[in-house]
Amino acid sequence: MNVALLACPAEEVAPKLLGAILTHETPEGTVSISITETEAYSGTADPASHAYRGRTPRNAVMFGPAGHLYVYRSHGLHWCANIVTGTDGIASAVLIRAGRVIEGEDLARKRRGAKVESPRLARGPGNFCQALGITAEHNGTDLLTGASLTLSEGEPVPAALIRVGPRVGVSKAHDWQHRFYLAGDPTVSAYRLSPRAKPSAGA
């Protein structure tokens, strides 16, 4: 993956990451997942972003450089993976919401559960991380250096297959059209409006 592709605003990078592949090599084996759903978070300009109120030790990775992994725990339960984008020093990241396992399905199922159907192995950001074996220890990982956790380009996705909509489950700026996904793909997660969501101005 070329860093120039990632060194742009999150809302420009997010649709371009559809079809890209995240691969994690571990002693257990290798799992590769083709990305099918993303959400853009625009840092200090975005009320739903972790960086909205500025830089903290928790969100420091979001401020760059592009191509690094920002990992956080959601609601104390699940790990979520974000690919840092944009200009170094300005917070911007793309949340990986879902993907299709294209290598290492047996290992992904071992991590997720023996009865989990293939389309559900990496559906949803927490499940994506569980299937790929991503935890807090991977926060700050450079995905472009060719180490054990890498991001690579996949097959180009036709523009006609890309859909755009509001982000899932956020209460602020929930109506921003910053969610991108593959039309009709069974791995894409369901849209859910946060019960705390209120109308907002923005992109």
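A disulfide is a pair of cysteine sulfur atoms within 2.5 Å. By that rule, a search of the whole structure turns up zero disulfides. The model is predicted. This briefing covers its cysteines, nonpolar cores, paired strands and ring contacts.

**Cysteines**
- A disulfide is a covalent bond between the sulfur atoms of two cysteines.
- Take Cys-129: the closest cysteine sulfur belongs to Cys-80, 6.1 Å away, which is too far for a bond.
- Cys-129 counts as buried, because its relative accessibility is 1% and the cut-off for buried is under 20%.

**Nonpolar cores**
- The largest nonpolar core has 35 residues.
- Six of its members touch the most other members: Leu-17, Ile-33, Phe-128, Leu-132, Ile-134 and Leu-151.
- Leaving aside residues up to four places away in sequence, Phe-128 touches Leu-22, Ile-33, Ile-35, Ile-96, Ala-98, Gly-99 and Ala-122.
- A second core is separate and holds 14 residues, including Tyr-41, Phe-63, Ala-93 and Leu-95.

- Strand β4 spans residues 78-84. Five of its seven residues are buried, so the rest of the structure largely encloses β4.
- Strand β3 covers residues 69-74 and runs antiparallel to β4, with six bridges joining the two.
- One of these pairings links Arg-73 to its bridge partner in β4, Trp-79.
- β3 and β4 make a hairpin, with three residues between them. In the turn, His-75 has a positive phi of about 55°.
- Strand β5 covers residues 93-103. Three bridges join β4 to β5, and these strands also run antiparallel.
- Val-84 has Ala-93 as its bridge partner in β5. Ala-93 also belongs to the second core.
- In a regular strand the side chains alternate between the two faces of the sheet.

**Rings and charges**
- The structure holds one aromatic pair. Its rings belong to Tyr-70 and Tyr-72, with centres 5.6 Å apart and planes at 35°, so the pair is tilted.
- Tyr-70 is buried, because its relative accessible area of 1% falls under the 20% cut-off.
- Tyr-72 is buried too, with a relative accessible area of 15%.
- Arg-73 meets Trp-79 in another way: its charged end sits over the ring of Trp-79, 4.0 Å from the ring centre.
- Arg-179 places its charged end over the ring of Tyr-181, at 4.4 Å from the centre.

Definitions and conventions:
Residues are numbered from 1 along each chain as its sequence is written. This is a predicted model: local features need pLDDT of at least 70, side-chain atom pairs count only at pLDDT 80 or more; totals for chains, interfaces and linings use all residues. Side-chain values use heavy atoms; hydrogens and water are left out. A nonpolar core is a set of buried Ala, Val, Leu, Ile, Met, Phe, Trp, Tyr and Cys residues joined through side-chain atoms within 4.5 Å. Buried means under 20% relative accessible area, exposed over 50%, partly exposed in between (1.4 Å probe, protein chains only). Contact means heavy atoms within 4.5 Å. Helices (H or I, at least four residues) and strands (E, at least two) are DSSP runs, numbered from the N terminus. Two strands pair if DSSP finds at least two bridges between them. Rings of Phe, Tyr and Trp (its six-membered ring) pair if their centres lie within 6.5 Å; planes under 30 degrees apart count as stacked, over 60 as edge-to-face and the rest as tilted. A charge sits over a ring if NZ of Lys or CZ of Arg is within 6 Å of the ring centre and within 35 degrees of the ring normal.
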